[in-house]
Amino acid sequence: MGEYAMRAEAGNQNRPDSGPTPDVSVVAPVYGCEGCLEQLSERVAAAISGMGLTHELILVDDQSPDQSWQRICELGKLSSRVRGLRLSRNFGQHAAISAGLQYAQGRRVIVMDCDLQDVPEEIPSLLAGLEGDNEIVLGQRVERQDTWLKRSGSSAFYKTLGWLTDTDYDPSTANFGAYSRKAVDAMNAMPETDRFLPLMARWTGFKTLRVPVSHGRRTEGKSGYTLRKLLQMATRIALSFSDKPLRLVMTAAFALAAIGAGIALLAVYRYWTGDIRVAGFTSILASIWLVGSFIMGSLGVVGLYIGRIHSESKRRPQFIIWQDTWQGTHSNVSED
């Protein structure tokens, strides 16, 4: 059995025998949105049941600071279709999504945010796109219901991320989308610790369709992404999915070498023409600072990559499941 098949099988082992396989699994990471979980559950059920399909709703509590886990447990008691997973600590949104994908049993999987900005009523449109050879369908937000500041920050973030990773990233799409079983198994088989669903989905190479969807206003909680966290995430993603920072360092090194060669040739020319002057202290000091800063910056970039290699070499799990409403309180780590 190949490595891909073994990892896919490892993911399947996380799925308990809980009856017939649902047609659709809906995965939603939860952080700071306890007040909208009941409405999310009801609207998801209405949207999918209206298509005559069965479903399960997997709510992954990423150590939310409010009472989200208690609310998830209550919803699990009210409906056997709701499954709650609680991570042992805050692993981040995309790690929480990965946890949900590992435990999803459905033949097709919907990934969405829990704050109802991803409108559940758009699920049928996404599922309808999984026809023919389409394996991934992404929701394209036509009119974002966010503040101008958040839209501008998000656009700048994705443009920068696209430049760093050499990808043409569409800022109107995010995590909201539908994925075939084949696409989910492929992403579950990816062993890296740093998770970012859009780039992982793109890497598979599967045919992707974009479907226009409406975007709801946030009524509960607030985004957990501060500017500092966005910058940290962008750095991690760039280091994990691209070697462009290293190539930028090499480009700068060649440019600096060209400048140095030009200055040396100028000095030789002035020597031969008799224009000999004693170099000034300021120019020497500036040159030392320039070269020294470049060397330190280059070592810093290389050090960041070495740090990522060190982290990945530990082979630590992508997440740890602390509690599961379908199996009681226990600890379980992701298959790596």
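1. Helix H4 spans residues 93-103 and is mostly covered, with ten of its eleven residues buried.

2. This is a predicted model, in which local features need pLDDT of at least 70 and side-chain atom pairs count only at pLDDT 80 or more, whereas totals for chains, interfaces and linings use all residues. Residues are numbered from 1 along each chain as its sequence is written, and side-chain values use heavy atoms, with hydrogens and water left out.

3. The protein chain holds eleven helices and nine strands, taken as DSSP runs (H or I of at least four residues for helices, E of at least two for strands) and numbered from the N terminus. Of its 336 residues, 43% count as buried. Of the contacts (heavy atoms within 4.5 Å) between residues at least 6 apart in sequence, 83% join residues at least 24 apart.

4. The buried residues of H2 are Leu37, Leu40, Ser41, Val44, Ala45, Ala47 and Ile48. They cover an arc of only 165° around the axis, which puts them on the same side of H2, the arc being that of the directions from the helix axis to the C-beta atoms. The cover over these buried residues includes strands S1 (24-30), S2 (55-61) and S3 (82-87), together with helices H3 (68-78) and H5 (123-129).

5. Seven of the seven residues of S1 are buried, so this strand is largely enclosed by the rest of the structure. Both faces are covered, with Val24, Val26, Ala28 and Val30 buried on one side and Ser25, Val27 and Pro29 on the other. In a regular strand the side chains alternate between the two faces of the sheet.

6. Strands S1 and S2 pair (at least two DSSP bridges between them) in the parallel sense over seven bridges, and Ala28 has Leu59 of S2 as its bridge partner. Strand S4 (residues 108-111) runs parallel to S1 and is joined to it by four bridges, with Val109 of S4 the bridge partner of Ser25.

7. S1, H2 and S2 make a right-handed β-α-β unit: with the strands pointing away from the viewer, the path from the first strand over the helix to the second runs clockwise.

Methods: Buried < 20%, exposed > 50% of the residue type's maximum accessible area, 1.4 Å probe, protein only.
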